[in-house]
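Please review the following briefing alongside the sequence and the three-dimensional structure.

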Amino acid sequence: MKSTPIPTPSFKYLRCATPAVVLTIAATMILPLWSSVAAAADQLDDFEEDESVEETAAAPSPGEALYWDALALLSSDNTEERERGREAMREAADFEYGFAQLYMGEASQRGSDGFPRNMRRAAEWFRLAAERGNSPAKAYLGICYGRGLGVRRDPDRATHWLNAALADAASFRPPVPPATFFETMAARHRARAGEADGPIASSTAPSAWESLCATAHLVLGEIHEKMRKPADALRHYESSAYWGEEHRAGLALASRKAATAYALGQGTTRDLTKANALLEHARGLTKRTGISVFHSLWTRRALDDFFLAESEKFVELYADLEFLREQQKVTDALLAVDPKEAVRWCELAAESGEVWAMIKLAEFHHAGVLGRRDPEQVFAWYKRAAEEHDHYLAWGNLVVCHRDGIGTPVDVDKAQEIAAARRKDNFVCALAGEGLSPKKGLGVDDWSDLLDAHGRRGKPAIARYHRAMTYVRLGNAMLGGQASFLAGTFYAEALPLLERAAKDEVGPACHELGRMYHYGYGVKRDAAKAREYYRKGIALGDSASANGLGLIVMEGIGEDRPRPDVAIAHFEKAVELDPKSVSALNNLGLAYDRAIASTNIGSEKSSFRANAIKYYELAEALGGDVAAYNLGRIYYGGAPNERDFRKAYMYFQTAAERGHTVSNRMLGNMHMSGEGVPVTPKDALFHYRLAALDGDLQALRRVCDFYLGAHDLALDLDQAAFWTARLAQQGDVGGVVTWGQLLAARKRYKEARAFWNQMKDSSNSLAAGFAHEGLAGLYRHGLGVKANPARAQKHQERAYALGAPGALCQEGRRLIVEKRASEALPILEKAVGSGSIEAVYLLGTMYIAGNGVERDTTKAWTMLRKAADSGYNEARVNVAISSLQGREGAPDLETALRYAEAAERDGHPRAKEVRERLEAKRKEAQTETDVGRPRSA
């Protein structure tokens, strides 16, 4: 086999691969260790020697220049320039320049610089920047998850991102502006000279990012405090309090929380000296922050000199009062001698929103620490702690208050309503709902003792169930992660406890056992046992059991076929037992939805659809994200006369806002297709990126397609590399192979060689063939290594033997040149079967010329258009030339021009000439049309 030049590799060759091919390769290949992509050459096998040359540094991001232009325009006093600045900033963010995405997040969060305030969109921008490694964005995103700003509160995600932002490797170094930016800003400053001669910002003021880090520590402290990790909470509170040079970025709130911890000995030994020092520090921080705010307002002429002086006095007074209040709290808590002082201390803390103080006040008044019990205060404080902070102990004690008439009239129905809504996850509500309560007090220790005693007295049902659920939740948390092998251990601990609880007729235990056998969690999957436990749970009045039985019937597990019509009755029972069950309402809608296909009677179809929408809407109104998605789906994909893209978009958007991943992909599809919204590829890409970050593989492939030049967008190797690496890490063969090609295209030859050396030993022949093909190119052209034609030839021969599409196409081209096209046919067909777009193009050229095959212009143009539409530049240019020549079957001038423009953007050497000739021909055609058009008198 002779060696011929390797054509420029196409990054889109896998777009035509069949699902079977992709799945087969992904299933059999051995993925490389990603940490070794940049392995040193001496770690390679003996076949490769350590020979490398200096590589070219990567070019800066294309969004960076736009970012600085946008900042300059946004600082202008001209309205039109500021509008252009907003457009430029959004474009820079769409180029995935991290600091532009960070800016968009900050502007959206604050509603500044003319951008509308949108907390959800702010969190999305922060996430896009954070995933690209932007440390400030990681901090912002963590704060969003910690505080529930634009997203649902998620302590785990908050902790992940905040720790990442505060890690030693994190960089808060700002980007370096170009010289032109300084010149522009200096000119504007000179133009404004004399307008305001207020004070220049003090060099002692903390930077915005110092304050951001301090806030990150504060939020981490709050999370650890809620997780009952006082030592970790204190560590973060102290870091936040003393953050920055000379501690000037510290936060007063963090300092007060740290003071309280030292005063009460939470996470440390009690230390009055440190507590007082922290409170004094908090007072200084409060003064500094307040004065800084008012000076900023004065600088912008929002305050006059007199009001500034008065404001400074107010800040001094406020800081002193704040200090005295916190000092009183700590002093009273430390002494704990006089009950009246203890109550006063708790009241101060409770009024500032401290839930622990509310609980403590209720306990004080229940115990009568002031000499007599005060039931009204007991009820009032528990009610406030429950409703404002959703505190589990407060809800349980509210059940007792309503049941026994403590501070409120007896209302057994209200007590049962609260208990029923929370008993599954709240052991206090579960015990109180059973008519139980501690003999001594209503504190958490009292309830824990009752739980243990309840089990020892021969009535262990509830105790066993709640202890089992502790193990179940641990098992659930392990599923799908790297530690999933541990899930079975926790389920095994839960199983006997649940079985005994189910024997004692605890309905939720029956449901949990049914779920375990339904899905095979910790046990062998057994549909018959699942049904048995679900039915027992239904008999005990458990709504979740009815819902589970409906699912197993609707899915047809253990039966000959799915039975959505039968499942409807089970879901209706679940809704009857719990009218506010979002899951049961959604599944009832889904059962009606699936029943549509079971009938050919038009009236029945309409009735089923109406019911599906009805129950989806009820579930969506209760906050169901899946129900919102199902509504979007039903309006998106119904019969032509039932479709409503506007409603579909609205529901997909709602579901996406609630965290539903597929809905973001659907929004991307609608923007791409112009369904209910204009065709806007950039908006489509935005939604695809969000879905991709949440693990949606289809969305991730589409993001890669965008940056690899599909949809007539410019090829962007930097962005393509980032997203393709994520695709490869998920085991997608297209991502694995394209990642190696991208490393080479970005001139990171050493990494490409290490990557391909590892992949060439894959047990999958096609994947190994791709690797040999890449190595052949490096050694043939001396890219990152000394040129070695002999070694290149060995790799090329091995690639051909393994069926690598590029090697097959190279051999096919050689045979065509040697007028042996009939021999090239099976080789190229094999390459097509492996997903090669180049092979599709070569076969198209053979069929259009009848070269080695029977001439078939229809088949030829189908192949040639497919190759061009898939981004193969040789096909784009030659198809465009065919249109220029007016060949039969060639596309129209506009399509041909689009192909030429796309190929030109990708750097094809002939594309510019073809594009110019097409434009001239179009202009000529327009002139001829104008000549023939009748003129008005």
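**Structural briefing**

Asp 154 forms a salt bridge with Arg 157, their closest N and O atoms being 3.6 Å apart; a salt bridge here is a side-chain nitrogen of Lys or Arg within 4 Å of a carboxyl oxygen of Asp or Glu. The model is predicted: local features need pLDDT of at least 70 and side-chain atom pairs count only at pLDDT 80 or more, while totals for chains, interfaces and linings use all residues. Residues are numbered from 1 along each chain as its sequence is written, and side-chain values use heavy atoms, with hydrogens and water left out.

**Overall composition**

- The secondary structure of the chain comes to 45 helices and 0 strands, where helices (H or I, at least four residues) and strands (E, at least two) are DSSP runs numbered from the N terminus.
- Of the 937 residues, 49% count as buried; buried means under 20% relative accessible area, exposed over 50%, and partly exposed in between (1.4 Å probe, protein chains only).

**Salt bridges**

- The count of salt bridges comes to 35.
- Arg 127 forms a salt bridge with Asp 694, with the closest N and O atoms 2.5 Å apart.
- This pair links distant parts of the chain, 567 residues apart: Arg 127 belongs to helix α5 (residues 119-131), and Asp 694 to the loop between α32 (681-693) and α33 (697-707).
- Arg 127 is buried, at a relative accessible area of 12%, whereas Asp 694 is partly exposed, at 32%.
- Arg 814 forms a salt bridge with Glu 818, the closest N and O atoms lying 3.1 Å apart; Arg 814 is buried at 10% relative accessibility, and Glu 818 is partly exposed at 28%.
- Salt bridges with shared partners join Arg 90, Asp 94, Glu 96, Arg 132, Asp 683 and Arg 689 into one network.

**Helix α42**

- The buried residues of α42 are Ala 860, Trp 861, Met 863, Leu 864, Ala 867 and Ala 868.
- Seen down the axis of α42, the buried residues fall within an arc of 165 degrees (taken from the directions from the helix axis to the C-beta atoms), so they line one face of the helix.
- Thr 858 and Thr 862 are exposed on the other side of α42.
- The buried residues of α42 pack against α41 (837-849), α43 (873-884) and α44 (893-905).
- Gly 871, which follows α42, has a positive phi, near 95 degrees.

**Arg 726**

- Arg 726 lies in helix α34 (residues 717-729).
- Leaving aside neighbours within four places in sequence, Arg 726 is in contact (heavy atoms within 4.5 Å) with Glu 131, Leu 693 and Leu 700.
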